[in-house]
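Subject: Structure handover

Hello,

Here is the structure I said I would pass on. My notes on it follow below.

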Amino acid sequence: MTPSLADDIAEVLISEAAIEARVRELAAEISRDYAENSLHLVGVLRGATIFLADLVRRLTIPVTFDFIAISSYGADTRSTGIVRLVKDLDESVESRHVLIVEDVVDTGLTLNYLLEVLRQRKAASVEVCALLDKPARRRVSAAAKYVGFTVPDAFVVGYGLDYAQRYRNLPYIGALRPEVYGG
Ligand code: 5GP
């Protein structure tokens with residue numbers, strides 16, 4: 001038999017149905033909260049693309065979106081702590097109500113950096129919507145107003161999240177078999 005991506009998954013942590021239900025809830029909450037203000041989403045490449053694509057289709061308010069790419073150099077499953085802007089936004093955020101859409105808040109360093117950048121650029125407001133929160137590994141305080149799921153300290157893939165650029169297309173979130181990343 002042809003090997004499948006799913007063979008590398010030790011455990012499905014969040015099913016496709018659970019993600020879909022939670023995305024609907026988040027979208028309803030965000031639509032209510034931004035009913036009076038136009039909303040500009042900033043998706044963090046590449047991990048948040050699938051989440052953002054699903055989320056925007058459930059929002060009932062007018063919305064625009066843009067993307068930014070950040071890298072924490074080097075390590076494959078651990079952040080090094082050095083954050084760098086890899087691809088900037090195409091549009092100005094000045095005077096706009098911005099919601100950062102992030103895949104995982106882990107150490108918090110990426111989010112901290114992004115919040116700083118967007119505030120310096122004079123956004124009218126900046127909030128965060130994170131698909132996953134891993135509070136166990138936080139090194140700097142970074143709180144997301146909207147969180148899809150709180151997860152334990154495990155390296156997860158799927159639904160946009162990668163290991164070595166693979167597994168992003170899995171429709172669920174799962175833990176990789178340790179032998180896949182030499183763990
Ligand atoms: P932080 O700066 O909060 O440590 O890192 C956030 C970034 O690290 C996320 O946007 C994501 O790209 C990556 N990351 C953190 N935990 C995981 C994980 O469990 N799986 C994957 N695939 N990426 C992760």
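This is a predicted model: local features need pLDDT of at least 70, side-chain atom pairs count only at pLDDT 80 or more; totals for chains, interfaces and linings use all residues.

Ligand site

By that cut-off, 15 residues surround the ligand, and the closest are D103, T107, T110, K134 and V156. Sorted by type, the shell holds seven nonpolar, three polar and five charged residues. Strand β5 gives the largest share of the shell, with four residues. Both β5 and α3 (109–120) supply at least two residues each.

- T107: a polar side-chain atom lies 2.4 Å from an oxygen atom of the ligand.
- G108: a backbone N or O atom lies 2.9 Å from an oxygen atom of the ligand.
- D162: a backbone N or O atom lies 2.7 Å from a nitrogen atom of the ligand.

On its own the ligand has 510 Å² of accessible area, and the protein covers 86% of it.

Nonpolar cores

The largest nonpolar core has 29 residues, of which I30, F51, L55 and L132 touch the most other members. Two or more residues of this core come from each of α1 (16–33), β2 (39–45), α2 (49–58), β5 (97–105), β6 (125–133) and β7 (146–150). The element that gives the most is α1, with five residues. In general, nonpolar side chains in soluble globular proteins tend to be buried together.

What does I30 touch, leaving aside its neighbours within four places in sequence? The contacts of I30 are L39, L55, L59, I61, L99, C129 and Y146.

D133 is found in strand β6. Is D133 buried or exposed? Buried means under 20% relative accessible area, and D133 counts as buried because its relative accessibility is 13%. Not counting residues up to four places away in sequence, D133 touches V105, R138, V147, F149, T150 and V151.

Regards

Key:
Residues are numbered from 1 along each chain as its sequence is written. Side-chain values use heavy atoms; hydrogens and water are left out. A nonpolar core is a set of buried Ala, Val, Leu, Ile, Met, Phe, Trp, Tyr and Cys residues joined through side-chain atoms within 4.5 Å. Buried means under 20% relative accessible area, exposed over 50%, partly exposed in between (1.4 Å probe, protein chains only). Contact means heavy atoms within 4.5 Å. A residue is near a molecule or strand if one of its heavy atoms lies within 4 Å of it. A polar contact is a pair of N or O atoms within 3.5 Å; within protein, one must be able to donate a hydrogen and the other to accept it, and residues adjacent in sequence count only if both atoms are side-chain atoms. Accessible areas come from the Shrake-Rupley method with a 1.4 Å probe; for residues, only the protein chains shown count as cover. Ala, Val, Leu, Ile, Met, Phe, Trp, Tyr, Cys and Pro count as nonpolar, Asp, Glu, Lys and Arg as charged, and the others, Gly among them, as polar.
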